[in-house]
Amino acid sequence: MADEIWQLPATTLAARFRDGTLRPSEALEAVLSRVAVANPVVNAFAQLDEGGARVAAEQSDARHAEGKPLGRLDGVPVSIKDNIPVQGLRCAWGSALYKDYVAPVDETPVARLRAQGAVILGKTNVSEFTLGRGNVHTPLFGTTRNPYDPRLTAGASTGGGAAAVSSGMGPLTLGTDGGGSIRRPACHCGLLGLKPTTGRVARRNGLPIILHDAEIIGPIARTVDDLALALAAIQGPLDEDRASLSFRADEGEPAEPKGLRILYMPRMADYQVDAPVAESCAKAARDLAALGHTVEEGPAPFDPQLFEKHWPNIGAAGLAWLVRGQEWRGKVGDIYVEMIEKGETLSAADYIEALAAFREIYAQMAVFFRSYDLLMTPSAGALPWTAEEFGKPYHRAFTGFVNAAGLPGISIPCDPSPEGLPIGFQLVAPFGADWLLVAMARQFERAHPWAQRWPSL
């Protein structure tokens with residue numbers, strides 16, 4: 001199993017392309033063969049672009065034969081979430097309202113991957129409008145399932161991308177995270193998932209923005225090396241996106257983290273946490289302490305009620321704005337009817353009040369980071385549940401505030417449940433400290449490796 005080409009990390013594939021022991025087209029065919037086996041079970045892809053991928057792989061073959069790769073990702077297969085435009089491919093956003101929309105250009109991070117020679121496999125399934133409640137289950141594309149147990153969810157809304165990487169259908173995927181939609185699917189599928197700081201990954205030529213500045217594009221990968229490779233490729237400023245202008249394209253990992261002060265928050269307010277999740281994350285906290293960090297346990301260092309009161313208004317207002325003037329009734333899921341109708345009743349003052357609350361959450365977290373270097377929590381409060389059902393509210397308790405504050409957060413695999421279901425813990429860092437999270441994940445990976453865990457799919 002370890003020698004299967006479809007199981008090789010992106011960094012290993014890239015090294016073999018450079019030394020001539022493997023051609024990108026050979027790697028692509030191995031991955032496509034794996035897709036033929038795994039995708040009928042987990043339903044990760046909304047659209048597979050075999051023809052386009054083969055053309056891109058052949059072009060990469062030629063560049064490597066000449067010793068002129070475009071970048072470190074040249075020839076590496078990558079999938080893209082179906083709310084991130086890829087030129088010439090449908091971008092349905094999980095919704096009948098967008099089922100015929102074909103993107104005229106790449107969104108910025110996709111353009112940056114393509115500039116490095118990455119091979120775009122296709123678009124992965126999303127929950128409708130990426131406003132899922134713990135699963136990917138749409139009339140257009142059906143249900144995406146967890147590779148570790150196909151009866152269960154892979155998470156939302158980047159569940160398709162997480163299911164793809166987890167089952168070996170490409171080593172990397174790009175997703176979006178507007179409230180945990182990278183971190184929780186990564187957690188449920190045994191992977192790393194990074195939600196970058198607001199602005200680190202520039203965005204232009206994307207779909208309409210319905211979550212203010214909370215939704216960020218980031219990578220999901222199996223290994224820290226792969227995650228770092230993807231983040232380095234997509235980060236950096238773009239003059240058309242003012243939020244990105246303070247970030248450097250060449251920023252990388254700091255030195256080995258030593259003696260960091262970490263607050264472990266095992267619960268969020270009164271939300272419950274499944275026992276196997278609590279036990280695994282508590283052990284991960286002890287493991288971080290054993291690596292030389294100071295880990296203390298405590299409550300939320302911000303007011304959770306600020307988030308819970310105002311967060312629903314952002315999505316509701318954004319969705320109501322999106323469909324304004326369209327014939328949307330009968331074309332969206334039932335839960336979105338409720339959201340749209342709520343959004344139509346909100347005032348501009350309600351929206352400004354929500355934004356003010358989020359600025360306050362950021363300020364409270366900034367004060368917290370004067371005394372601590374990182375915040376640790378479970379990534380998801382629940383183990384995966386039945387794929388066709390929404391998650392209980394407590395599953396998402398730990399992630400949304402990170403988006404509201406614009407901070408970076410990462411989900412890192414820890415010990416699975418007794419039944420073998422993946423579990424992850426989250427680290428949250430100060431604004432701009434994304435690469436510290438990568439360095440911490442590397443340190444944990446070295447001491448407690450997880451990349452050898454594969455679903456039996």
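**Ile423**

I began with the contacts of Ile423, counting heavy atoms within 4.5 Å. Leaving aside neighbours within four places in sequence, I found Ile423 touching Cys187, Pro276, Val277, Ser280, Cys281, Leu383, Ile412, Pro413, Cys414, Asp415, Pro416 and Ser417. The model is predicted, so I kept its limits in view: local features need pLDDT of at least 70, side-chain atom pairs count only at pLDDT 80 or more, and totals for chains, interfaces and linings use all residues. Residues are numbered from 1 along each chain as its sequence is written, and side-chain values use heavy atoms, with hydrogens and water left out.

I placed Ile423 in the loop between strand S14 (409-413) and strand S15 (424-428); helices (H or I, at least four residues) and strands (E, at least two) are DSSP runs numbered from the N terminus. Ile423 counts as buried because its relative accessibility is 2%. I used under 20% relative accessible area for buried, over 50% for exposed and partly exposed in between, with a 1.4 Å probe and protein chains only. I also looked up Gly190, which is 233 residues from Ile423 along the chain, and the two C-alpha atoms are 6.7 Å apart.

**Gln426**

I found Gln426 in strand S15. Gln426 has 0% relative accessibility and therefore counts as buried. Its side chain makes a polar contact of 2.6 Å with the side chain of Arg183. For a polar contact I took a pair of N or O atoms within 3.5 Å; within protein, one must be able to donate a hydrogen and the other to accept it, and residues adjacent in sequence count only if both atoms are side-chain atoms. Beyond four places in sequence, the contacts of Gln426 include Arg183, Met376, Phe398, Val402 and Ile410.

**Helix H4**

I listed the buried residues of helix H4 (residues 108-115) as Thr108, Pro109, Val110, Arg112 and Leu113. These buried residues pack against strand S2 (77-81), strand S8 (172-177), S10 and helix H7 (224-234). Just after H4, I noted a positive phi of about 90° at Gly117.

**Aromatic pairs**

I paired rings of Phe, Tyr and Trp (its six-membered ring) with centres within 6.5 Å, calling planes under 30 degrees apart stacked, over 60 edge-to-face and the rest tilted. The count by this rule is 13 aromatic pairs. Trp93 and Tyr98 are edge-to-face, because their ring centres lie 5.2 Å apart and their planes are at 75°. Both Trp93 and Tyr98 are buried. Phe302 lies in the loop between strand S12 (294-297) and H9, and Phe401 in helix H12, so the pair ties together parts 99 residues apart in sequence. I read Phe302 as buried at 6% relative accessible area, and Phe401 as buried at 1%. Ring pairs also link Trp93, Tyr98, Tyr101, Phe129 and Tyr336 into a cluster.

**Linings of the pockets**

For the largest pocket, I noted that strand S10 (216-221), helix H9 (304-323), helix H11 (348-368) and helix H12 (400-405) each supply at least two lining residues. H11 gives the largest share, four residues.
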